[in-house]
Amino acid sequence: MSDSVALDPVDLHILRLLQNDARTTYRDLAAAVGVAPSTCLDRVARLRRSGVVLGQQLRLDPAKLGRGLEALLLVQVRPHRRDLIDPFVERIRGLPETRALFHLTGPDDFLVQVAVTGTGDLQRLVVDEFTARPEVARVETRLIFQQWDCGPLLPPA
């Protein structure tokens with residue numbers, strides 16, 4: 001059974017525009033897609049209710065907030081059990097340095113994107129918050145030199 005939602009060309013156009021600028025007014029959005037503002041409002045509300053639109057986010061520049069060094073941490077949790085994973089995830093999500101957390105398949109169990117003030121802060125984070133945990137078997141660190149945003153996420157054609 002699929003969780004996908006049926007989307008018509010107007011829905012897709014609305015999603016493309018909102019992904020590029022979520023602050024677009026309903027009036028401007030309606031004009032761009034060729035429907036009445038009330039129709040546009042109804043469509044966006046339906047997209048939210050159906051879970052296609054998950055929300056809006058304010059994006060901040062970590063470097064401008066004093067966290068100019070970003071890294072990816074590959075983490076192995078051993079043993080890989082629910083009673084260890086759930087508290088690990090809760091703790092890591094609660095760290096102010098954590099930007100994203102992914103549960104993976106393969107040799108590494110988690111990928112954690114972090115933003116820190118510098119190498120000393122990164123070392124402190126890895127040693128005090130990751131390797132100090134008894135369930136963490138291994139942490140590998142990869143520095144992020146540059147990151148790019150990619151195009152809108154739209155359903156396959």
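Tutor: In this discussion a residue is called buried when its relative accessible area is under 20%, exposed when that area is over 50%, and partly exposed in between. The model under discussion is predicted.

Student: Which strand pairs with β3 over seven bridges, and in which sense?

Tutor: One of the residue pairs to look at is that of Val 75, whose bridge partner in β3 is Phe 110. The strand that joins β3 over seven bridges spans residues 69-77 and is β1, and the sense of the pairing is antiparallel.

Student: How many bridges join β2 to β3?

Tutor: Among the facing residues, Ala 100 has Gln 113 of β3 as its bridge partner, and Thr 98 stands opposite Val 114 of β3. The strands β2 and β3 run antiparallel, and the number of bridges between them is five.

Student: Which residue in the turn of the hairpin formed by β2 and β3 has a positive phi?

Tutor: The hairpin leaves six residues between β2 and β3. In that turn a positive phi of about 95° is found at Gly 106.

Student: Is Asp 109 buried or exposed?

Tutor: Asp 109 belongs to the loop between β2 and β3, and beyond its neighbours within four places in sequence it is in contact with Val 75, Gln 76, Val 77, Arg 78, His 80, Phe 102, His 103 and Leu 104. Its relative accessibility is 3%, and the cut-off for the buried class is under 20%. Asp 109 therefore counts as buried.

Student: With which side chain does the side chain of His 80 make a polar contact of 3.0 Å?

Tutor: His 80 sits in the loop between β1 and α4, and because its relative accessibility is 35%, it counts as partly exposed. When residues up to four places away in sequence are left out, His 80 touches Ile 85, His 103 and Asp 109. The polar contact of 3.0 Å is made with the side chain of His 103.

Student: What covers the buried residues of α5?

Tutor: Helix α5 covers residues 119-131, and its buried residues are Asp 121, Leu 122, Leu 125, Val 126, Glu 129 and Phe 130. The elements that cover them include β1, α4 (82-94), β3 and β4 (136-144).

Student: Which side chain is joined to that of Arg 43 by a polar contact of 2.8 Å?

Tutor: Arg 43 lies in helix α3 and is buried, since its relative accessible area is 17%. Not counting residues up to four places away in sequence, it touches Asp 8, Val 10, Asp 11 and Ile 14. The polar contact of 2.8 Å joins the side chain of Arg 43 to that of Asp 11.

Student: How far apart in space are Ser 4 and Gly 51, C-alpha to C-alpha?

Tutor: Ser 4 is found in the segment before α1 and is exposed, because its relative accessible area is 61%. Along the sequence Ser 4 and Gly 51 are 47 residues apart, whereas from C-alpha to C-alpha the separation is 9.6 Å.

Student: Which element gives the largest share of the lining of the largest pocket?

Tutor: The largest pocket holds about 2,100 Å³ of space and is lined by 49 residues, with Gln 19, Gln 56, Gln 57, Arg 59 and Asp 149 nearest its centre. Two or more lining residues come from each of α1 (9-20), α3 (37-49), β2 (98-103) and β3 (110-116). By class, the lining comprises 26 nonpolar, 13 polar and ten charged residues. The largest share, four residues, is given by α1.

Notes:
Residues numbered from 1 in each chain as written. Predicted model: local features only at pLDDT ≥ 70, side-chain atom pairs only at ≥ 80, totals over all residues. Heavy atoms only, no water. 1 Å grid on protein atoms, 1.4 Å probe; cavity = no way out; pocket = protein on both sides within 12 Å on 5 of 7 lines; lining within 4 Å. Points joined across faces, edges and corners; volume = space filled by probe spheres on them. Nonpolar A, V, L, I, M, F, W, Y, C, P; charged D, E, K, R; others polar. Buried < 20%, exposed > 50% of the residue type's maximum accessible area, 1.4 Å probe, protein only. Contact = heavy atoms within 4.5 Å. Pairing = 2+ DSSP bridges. Polar contact = N/O pair within 3.5 Å; in protein donor to acceptor, adjacent residues only side chain to side chain.
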